[in-house]
Amino acid sequence: EGVRGVILTPKGAERALRIKLKSTKRKKRKDNKWIMVIFDVPEKYRRTRDLLRGALISLDYQKLQQSVWVCPYDVHKETGEAIRAYRAISYVKIFIIEETI
């Protein structure tokens, strides 16, 4: 109908998401709490697991263990976006944590 557009391949969509995540400005959370992401993606979805790890790295998460990552920045929205984009919702739990002494 005379409308032009662009259709991204799956690889192109992954790259666009990675660029968006990297370019997000990071601000520390105002409540000084951290975001913790724990995931257990089955081996048959290895690519999804690797993409999720890449997204967490792009958002400045730090690895505590292989599938436990933490971040002091306010990137909850972007984290959810990545989890949904990679269809990993059923394998991921997100927590807001605080350090107590």
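Two strands are said to pair if DSSP finds at least two bridges between them. Strands (E, at least two residues) and helices (H or I, at least four) are DSSP runs, numbered from the N terminus. β1 and β4 pair over 6 bridges in the antiparallel sense, and Phe39 has Val92 as its bridge partner in β4.

As for sources, the model is predicted, so that local features need pLDDT of at least 70 and side-chain atom pairs count only at pLDDT 80 or more, while totals for chains, interfaces and linings use all residues. Residues are numbered from 1 along each chain as its sequence is written, and side-chain values use heavy atoms, leaving out hydrogens and water.

Contact here means heavy atoms within 4.5 Å. The 13 residues of α2 should span 18 Å at 1.5 Å a residue, which agrees with the 18 Å between its end C-alpha atoms; the expected span is 1.5 Å times one less than the number of residues. After α2 comes Asp60, with a positive phi near 70°.

Turning to the interior, a nonpolar core is a set of buried Ala, Val, Leu, Ile, Met, Phe, Trp, Tyr and Cys residues joined through side-chain atoms within 4.5 Å. Buried means under 20% relative accessible area, exposed over 50% and partly exposed in between (1.4 Å probe, protein chains only). The largest such core has 14 residues, and those touching the most other members include Val37, Leu56 and Tyr61. β1 (34–39), α2 (46–58) and β3 (68–71) each supply at least two residues, with the largest share, 3 residues, coming from β1.

Thr79, in helix α3 (residues 76–85), counts as buried at 1% relative accessibility. Beyond four places in sequence, its contacts include Val37, Leu56 and Tyr61. Gln62, in strand β2 (residues 62–65), is partly exposed, at 48%.
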